[in-house]
Amino acid sequence: VSILAALALRAAGADGAAPLLVWIGRRVWPWPVVLGRAVEHSLFVDPPDTGARLWAIDQCLRGGVAGGGAGSGGLVGVVVVADASGLDMAGSRRLQLAAESGRGAIGLLARPPRERGVISAAESRWWVAPQAMEDSTRQPRWRLELLRCKGMPMAQSRAWIVEWMQGEGHEEQTPALRAVADVADRPPPEAPGAQATG
Amino acid sequence: MKSRRLLCVQLPMWPIDRLRRRLERKRRDEGGAMRSTDCASEQAQSVARLFLISTRGNVQHVAACCRASQQAGVRAGMTLAQGRALVGSAVHVEEFDPAAERAAIKRLAGWASLRYSPLVSVDPCSLHNRIGAEELLPDGIVLDITGCERLFGGEERLARHMVQALGGAGFEARAGIGPTMGAAWAAARFGTREPGELCILSSEFHALRRQLEAMPVRALRIEPSTEQSLVELGLETIGHVLSLPRATLPSRFGSLLVRRIDQALGSAIETFEPVRPRPLLRLERLFDGPTPQQEAIESATRELLVDLSRELLKRESGVRVLEAQFERIGRNGRGTEVLRERLTLSAPSRAARHLWSLLRPRVEKLHLGYGIESIALVALRLGRLRHRQQEYVEERHQGNEASRHEAGELIDTLVNRLGPERVLRGELVESHVPQRAARFVPALEGPGRRSAPLMAPELRPTVLFDHPEPAEAIAMGPDRPPRLLRWRGRERRIVASFGPERIAGEWWRASSLSSDAWERDYFRVCDEGGRWLWVYREVPLFCVQDVPRAAAPRWFVHGVWA
């Protein structure tokens, strides 16, 4: 799960100035080594309970200004990666609103597989599963399935297979994803309030 | 004209006394929770020997040690091992930090300048207090007490007062008073025998000269090399030196000697630069009688914050640690008690809005009782913050700095609710040992050092377990990757694997053999479901040909590509 987050994250970080990356919940903390240089503007938050976790996600999406006085400039680029288990519809709507009220904050929420059926107000939802090994691969692969995306007919479901690119043979030190198969030609979600399910 | 009077206070055991105070404070803080449980061990700890060490190259030297160890023969400059051997009992060892000591003695001078005399300086000349090869550390302070003695009823009482105050705080101190800095310096160090004693030298020239003549040449504040050559010639006291023809001295012993003699006797002028501590920034608002209304308290606090930020703007600084004090009427309706709320910020700030957003939840939770009499804001620590129209920055002007500033606000908000140990930042460490390559530090401690340079990009899992999880594996051969792995209760068939990559522990760090001396063969493996694991096999150490290898190698899962 968290790998995907790491990746999407990188995609968000690619556009120029380094945004602040906030990892909320120990379950989504990546090993800092894989983040490479991005470690320097990462923040790791370990909230004690679900309530505090949701509060922290909310704060970060809003751009970190508690009590949010009008005219306070939100953080320019915040990418929030959070463990969103136990999030219900109302909570997710709240977070979605928070993301929309902030400026340019991107939220990536990871939920455990058993919560696949729980509805949420996110911009898009993805199902992530490991992809079985094929002969040609030397890298971990996942299958990303777009479950729901605002403005897309429900029935239509699309899937991508992505590959982890780091290390051997790849020059870049920061991890990246490569879409390998199927319909896809673009990396994973970048819409505000995107939600990854996995 | 009445001559100047200077007071010199020497603190021979300053670093050690500070360390002892630190330890005692720590013990007190912990002792609140478990007072009765281990009194015995506390006592044992209180008599433990104290060492401060400095590391040069890779040798640890004793920089300072407590009296008890001095009596056992430990001297500054010895290696730590020597010192331990001499003392032979439990030793508490800490790293010696010259910068912190220097700052602390400056703070002491600041205290003295508020309490005893406006002209106080850190002793500018402590050539004999060499720590290590070239570190020069002040070990005392100088006060110009001319005229100040009246407030205390005489200079002797002033000095005794100060020495006792220092002694009460746990600092060994000796004092000397004289008409010049040189004389006072010598008096404090060589006119006293026991700690806590006081030596007063006369202002009258001949009497002063007589008193100084008995002191050793070292009291002249000369270079150790000069002292040595004087002593080799049998010139052991100042009297001996003074009896020599003055004209011959500079060519034989350097010009410093003559200058020091003149300074001690008052025929050459010596000046010092007084320390001027900045008073704490403190703003206060008194109510017209006890006020129990929450709204009134809140609005007063906000006004104070606005005033504070205006003050900070003038000083071109921002607050790092802010304490809000609320004076509340006592429970019995008589007397007052002070409620303190302390805010710690990750970056200096003077934005009233931000400070208020941090302070508000605390104020809301405040128990007002019969009413608040006054509110005070004290900026305990300030940080430099350059002028910027930060409140009104347009979005397009927001550069890196502005966004860093706001990141700071976000950190503060999170820390304020969740606590400092729950908001962390990552730090890369230059180490090839997986569990050491990165660590988390509280974000409050500031950006601090830059991360260590990265290792070559190697394949590393995205999640590393704190503790490797044992697994059962079947491998085709002793050096082959596993084919079947049982981990977390599931049997996985391994369809692909890469490796091995051998990683050895940093045995040179090992304090005990078991912790760091190991070798592991890491494999990246993929099971049939597509999950990638980072597994390793422990390589038996010291596998000499004759010794049979351990029957079954032990396997662990250390990380996953989640």
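Let's start in chain B, where strand 20 (residues 519–527) is mostly covered, with eight of its nine residues buried. Please keep in mind that this is a predicted model.

**Strand pairing in chain B**
- Strand 20 of chain B has a partner in strand 19 (residues 490–504) of chain B, and the two run antiparallel, joined over eight bridges.
- Within this pairing, Arg520(B) of strand 20 sits opposite Ile503(B).

**Make-up of chain A**
- Chain A contains four helices and nine strands.
- Along the sequence, these elements of chain A follow the order α-β-α-β-α-β-α-β-β-β-β-β-β.
- Of the 198 residues in chain A, 59% are buried.
- Among the contacts in chain A with a separation of 6 or more, 59% link residues 24 or more positions apart.
- Chain A has an accessible surface of about 7,800 Å², and carbon and sulfur atoms supply 52% of that area.

**Confidence in chain A**
- The average pLDDT of chain A is 61, and 40% of the residues score at least 70.
- Helix 3 (residues 50–62) of chain A has the highest mean pLDDT among the chain's elements, at 77, while strand 9 (residues 195–197) of chain A has the lowest, at 39.
- Residues 64–76 of chain A have pLDDT below 50, and the model gives this stretch 31 contacts beyond near neighbours in sequence.
- Residues 167–176 of chain A also fall below 50, and this stretch has 28 contacts beyond near neighbours in sequence in the model.
- Where pLDDT is low, predicted coordinates should not be read in detail.

How values were computed:
Residues numbered from 1 in each chain as written. Chains lettered and ligands numbered in written order. Predicted model: local features only at pLDDT ≥ 70, side-chain atom pairs only at ≥ 80, totals over all residues. Heavy atoms only, no water. Buried < 20%, exposed > 50% of the residue type's maximum accessible area, 1.4 Å probe, protein only. Pairing = 2+ DSSP bridges. pLDDT = per-residue confidence, 0-100. Contact = heavy atoms within 4.5 Å. Areas by Shrake-Rupley, 256 points an atom, 1.4 Å probe, with all protein chains shown as cover.
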